[in-house]
Structures are given as C-alpha cells and as structure tokens.
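Please read the following report alongside the sequence and the coordinates.

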Amino acid sequence: MRPAINIEGLAKTYAASGKSEPKHALKAIDLEVPVGSMFALLGPNGAGKSTLINILGGLVNKSAGKVDVWGFDMDVNPRNCRAKLGIVPQELALDPFFSPREAVEIQAGLYGVPKSKRRTMEILEAVGLDDKADAYARSLSGGMRRRLLVAKALVHNPPILILDEPTAGVDINLRQTLWAYVRKLNEAGTTIILTTHYLEEAQELCDRVAIINHGEIVANETKDKLLGRFTKRQMKVTLDDGWNGDLPRHDKIIFELLSPVMLQASFDANQLRPADVISCMTDAGLPIRDLEVGGADLEDVFISLTT
Ligand code: ADP
Ligand code: MG
C-alpha cells in the first residue's frame, strides 16, 4: 500500500540574513508515514520539526527533495496535497475577532467546502467547544485555542491530520480530552502525525516514532521496536579480590567478566528487575562489593540519539 506521506531527500536551507549564516534546517531526509498510523516526529527544539510540517503545509518552500501526499506529488498537484492534509500549527495564531463558529466557517470557505457540506457544529462539539461556539476567540484559554485550531484543520475532512507541538499551552485535563479525540480520529482511520519534544507523549500516543535532530532523522521505527532498544540494562558488579568461582547461569541474564573482579550482567528490563539479577548473583555465592546499573532509560537513549 502506498504511504500517506512519502518524503525523499527533503532539504531546507534558510537563507542567510544579516549576520546569520544560512541554516540547514533539514538535510536530505527520507521519511515514510504509513496510512492509518499514529506517527510521532520527536526531536529537541530547533531540530527541524516545524520546518518539515510547514513544508507540508505549503508555508515554507523546500530547497530540494520530493514530497508525496496521498500519492500526489506536491510539486505537480499542490492543491490535491493540500486537500488531503489538515494541519494544526505550533503557533496559537487566531483572529481574536472571530468566534469559534465563524473561524471554522471561514476556514471551510477557504477550503471550498460548500455550505451544505459543512459540519461546523459537529466539529466544534467533537473538540468540546460547542458551548463556546459564539464566544470571542480572545476569551478562550490556551487549551481551547488549540482545540479550535484542531477544529479548523478538520473542516475539509482530511485523511491526514498533522499536529505541531499540540500540547504547548494546553493544561493536563484538556490535553487528555485532546488526546482522546485524536485517538478517536485515528481509530476511525485518520492518519495522525504529531511533533513533540516530549518523549512521554510520543510514547503514550504513537505507534511509530521518528526522531529528528539537527535536521536529520536519527531513528525511525515502530514504537515497540524503539522501546525494545531502550530496555536493555547493564549491571556492573565489582567482586571481592581473589574471587575465582564460576559465573552464575540464568537464561535471561548474560554474565561476562570484564576483569578478574568486574562482572557485567546484561538483562532486559521488560523481563527482570535489578533485584532479580542481584538475587541470582547472591544465590550463586558471588561476593558483591559494589554495583551500578547502567544504560538506558528512555531519556538517556533519546539524549544519546540527539546529541
Ligand atoms: P523545531 O520545530 O524542531 O523546533 P524548526 O523547524 O522551527 O525546529 O527550526 C529548525 C531550525 O531552523 C532552527 O535552527 C531554527 O532556528 C531555524 N529556522 C526556523 N525557521 C527559520 C526561518 N524562517 N529563518 C531562518 N531560520 C529558521
Ligand atoms: Mg517547532
């Protein structure tokens, strides 16, 4: 099946201005987003996430590469691409003089949705803004604004919804509502892409995670695979001098001698706890003098991939 979005060799260099050097915000990246996925584009601030999203949204011109959306080449069929995408921008930019109802109606007009096909109240209800339909946009909280932007992105019923840093300025409760709704859309078949610099967010919501750093994709896997890489643990154990016994045996722990008194126990945190590993060694009579558990929690691996 063809992907929802296919990106090949996509590059963006922002021109030098004043004293600043040209900025290579995207360096020939390849990325494939499968239809129906809940895809996280994870990366630290400045990684290039918004640049990528804004290229998809037609707000930033790419410097090189090819972008296909729903099978349409962006250079050949920009309007078809636009019709397939709903984009919720990172900035909470809303016209303060329009109510949510008006804002959604205007957006529908911009996308050429005929009056008879508009679902303004249905969409506002879905994002929990029906009781605010006629309020001034400026009276809306950050979370409500974010949800209004989601509503606007949905007016033309796009099969792909892209959310750029959707939790910025959204409090915990509204975040949950927003996620519940995004999940529902995904379950109903919408391909979701979200950018975030929060690991937990990507972890909780998404089934695929690509990690971008300094304009390059440094990881791109299913979440389970990525998490699988994060659960390996190494315990380094210092033994009393003069120990010369046998290494313990355990089918889920790999023991290696790093030196005559330094033992490494490798295990999978999904299968065992450090305490299990320690029991195994004490049961085998190892004279443990000191130990440390090294490697991998999610944050560590993220940092190792992005620095
Ligand atoms: P992210 O969304 O991951 O935080 P951005 O795509 O916004 O990252 O930015 C990527 C890099 O490109 C950053 O170094 C940023 O400063 C730079 N950048 C973004 N927009 C512009 C612009 N309009 N002109 C020059 N540099 C820009
Ligand atoms: Mg950004």
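Is α5 largely enclosed by the rest of the structure or largely open? Ten of its twelve residues are buried, so α5 is largely enclosed by the rest of the structure; here buried means under 20% relative accessible area, exposed over 50% and partly exposed in between, with a 1.4 Å probe and protein chains only. This is a predicted model, in which local features need pLDDT of at least 70 and side-chain atom pairs count only at pLDDT 80 or more, while totals for chains, interfaces and linings use all residues. Residues are numbered from 1 along each chain as its sequence is written, chains are lettered from A and ligands numbered from 1 in the order in which they are written, and side-chain values use heavy atoms, with hydrogens and water left out.

Helices (H or I, at least four residues) and strands (E, at least two) are DSSP runs numbered from the N terminus. The end C-alpha atoms of α5 (residues 142-153) are 17 Å apart, which agrees with the 16 Å that its twelve residues should span at 1.5 Å a residue, the expected span being 1.5 Å times one less than the number of residues. Among the buried residues of α5 are G143, M144, R146, R147 and K152, and the buried residues of this helix pack against β6 (85-88), α3 (100-110), α4 (120-126), β7 (160-164) and α6 (172-187), where contact means heavy atoms within 4.5 Å.

Q107, found in helix α3, is buried with a relative accessible area of 15%, and touches K152 and V155 when residues up to four places away in sequence are not counted. A126 lies in helix α4 and, at 32% relative accessibility, counts as partly exposed; the C-alpha atoms of A126 and R147, 21 residues apart along the chain, are separated by 9.6 Å.

**The four-stranded sheet**

An open sheet of four strands runs in the order β12-β13-β11-β14 with antiparallel pairing, two strands being paired if DSSP finds at least two bridges between them. Its edge strands, β12 (254-259) and β14 (288-294), each pair on one side only. Strands β11 (residues 232-239) and β13 (residues 262-268) pair in the antiparallel sense over seven bridges, and T238 stands opposite M262 in β13.

**Charges over rings**

A charge sits over a ring if NZ of Lys or CZ of Arg is within 6 Å of the ring centre and within 35 degrees of the ring normal.

| Charged residue | Ring | Distance from ring centre |
|---|---|---|
| R2 | W70 | 5.0 Å |
| R82 | Y111 | 4.5 Å |
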